Amino acid sequence: MEQSRPLDALNHSRNKTVLVELKNNKQYIGKLIAFDIHINTVLDDTEERVDGTLKRKLGTVFIRGDTITIICPQ
Amino acid sequence: MEQSRPLDALNHSRNKTVLVELKNNKQYIGKLIAFDIHINTVLDDTEERVDGTLKRKLGTVFIRGDTITIICPQ
Amino acid sequence: MEQSRPLDALNHSRNKTVLVELKNNKQYIGKLIAFDIHINTVLDDTEERVDGTLKRKLGTVFIRGDTITIICPQ
Amino acid sequence: MEQSRPLDALNHSRNKTVLVELKNNKQYIGKLIAFDIHINTVLDDTEERVDGTLKRKLGTVFIRGDTITIICPQ
Amino acid sequence: MEQSRPLDALNHSRNKTVLVELKNNKQYIGKLIAFDIHINTVLDDTEERVDGTLKRKLGTVFIRGDTITIICPQ
Amino acid sequence: MEQSRPLDALNHSRNKTVLVELKNNKQYIGKLIAFDIHINTVLDDTEERVDGTLKRKLGTVFIRGDTITIICPQ
Amino acid sequence: MEQSRPLDALNHSRNKTVLVELKNNKQYIGKLIAFDIHINTVLDDTEERVDGTLKRKLGTVFIRGDTITIICPQ
């Protein structure tokens, strides 16, 4: 059995909605457009939430990878 | 005697339930699907807990390696 | 379908207005002049804001990449 | 006289009990099974202690190296 | 059109007065003498300010790049 | 005149007593057995002190380099 | 005109008195004996000061580069 790699899981979520959480506790929910090996990530149609509350609608967002804790497909 | 390496221990836990603890004190318990040399990790059927209390059911979670402190097979 | 990369998204914003947010919660809004793979970024005609309030007009600003959390085209 | 290297000292502790202390002040005491150049470390029969008090029995634990401050043979 | 790079902007400020802000909120204002790819920076005729208030006159200052948040030509 | 390098200074302290101070303010005083380019360090006959007060006698201690601020020969 | 590099400035201070400030706000004043590309630094005849007050006379001190914010020739 071939072993899967973590970036494969992200690849399955391309063009789908994901939740990205940052070290500063902010959450970004949007369509996963792009990511790289540093986990730099681009979302589209993005909502920013803090403690589950909508704070801003942001459209396209580039997120620097080193600030990310988790990414969850929705 | 051949010496084991840390990633061998993680490899033995593939497709088994593990506990992943983060620097922000969150805990993720789920099936270990994938990891890489940065310890970027993917869990499936994941529960998020804080101080042992269930907070969220998250399904698949990608965890950025640099935010992890420990991983324990359950 | 060719897969887009995160820096492509930044490239589309060259010479356009972007919002850059830092780990220290400061916001810089200006015209995106340059960036590199470390996400070191240069803005022109820049305003610094904290909690949405204008603090300083800064002209050209070089921002060290490792201090950035997100970049949003405006 | 040949000069010893830091990882030699860890190597002498393989299969022996060590104390691993983390930046978050948690202590892990267990049998040293494996380590690598990043000081990623695997312990077996592990006890977690905080301020010297037993918190959890954890069995096998993978500890990410960058979270470690010191390792002491017992 | 050739695309500019972030270090080009710093290069235009050589021998001119710049403001360098650090993660610890200190500000250094002086003539930009040198910088490298890590953004290690040397200023001359430097004033240190905190919250805009002059604290020390420092002459030549070497600033380690990883402590810098922004650099602004004055 | 040949220029000395920082690790030369540490090399002169091999098998001599040194004080190692960490980012968490703990002090380790012991015989310098080994170090490497990451400043991973091994001490022998080690005492741990906090604010100058003896806390623990630790024997051999492996200290991860990135947690160290200064090393002083005694 | 040949452009100077940041380490050239440090080189001019070899065997002269410098002030080294750390991220933990400690100051070390002593004769600059050695440094490397990581800005690991060795001082001789060193005084440690906090808020300008002499705390300890330390003789030779090895300072790990990543803990340094600024270095000033005196």
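Strands, in the sense used here, are DSSP runs of at least two residues, numbered from the N terminus. In this predicted model, strand E2 of chain F covers residues 26-35, and Gln27(F) is one of the residues within that strand.

Within chain F, the side chain of Gln27(F) makes a polar contact of 2.8 Å with the side chain of Glu21(F). When residues up to four places away in sequence are set aside, the neighbours that Gln27(F) touches include Leu19(F), Val20(F) and Glu21(F), as well as Glu47(F), Glu48(F), Arg49(F), Asp51(F) and Gly52(F).

Some pairs of chains do not meet: no contact joins chain A and chain D, whose closest C-alpha atoms lie 14 Å apart, and chain D and chain G do not touch either, with their nearest C-alpha atoms 14 Å apart.

Chain B and chain D, by contrast, are joined, with 23 residues of chain B in contact with 24 residues of chain D. The size of an interface is often given as the accessible area lost when the parts come together. For chain B and chain D the buried area is about 1600 Å², and carbon and sulfur atoms give 55% of it. On the side of chain B, the residues that lose the most area to chain D are Pro6(B), Thr69(B) and Ile70(B), which together account for 31% of what that side buries.

Polar interactions also link these two chains, with 8 residue pairs in polar contact, both residues being at pLDDT 80 or more, and with 3 salt bridges. A salt bridge joins Arg56(D) to Glu21(B), where the closest N and O atoms are 2.6 Å apart. The elements of chain B that give two or more residues to the side touching chain D are helix H1 (6-12), strand E1 (17-22) and strand E5 (68-73). E5(B) supplies the largest share of that side, with 6 residues. Sorted by class, the side of chain B that touches chain D has 12 nonpolar, 7 polar and 4 charged residues.

Definitions and conventions:
Residues numbered from 1 in each chain as written. Chains lettered and ligands numbered in written order. Predicted model: local features only at pLDDT ≥ 70, side-chain atom pairs only at ≥ 80, totals over all residues. Heavy atoms only, no water. Contact = heavy atoms within 4.5 Å. Helix = DSSP H or I, 4+ residues; strand = E, 2+ residues; numbered from the N terminus. Polar contact = N/O pair within 3.5 Å; in protein donor to acceptor, adjacent residues only side chain to side chain. Buried area = accessible area lost by both parts, 1.4 Å probe. Salt bridge = Lys/Arg side-chain N within 4 Å of Asp/Glu carboxyl O. Nonpolar A, V, L, I, M, F, W, Y, C, P; charged D, E, K, R; others polar.
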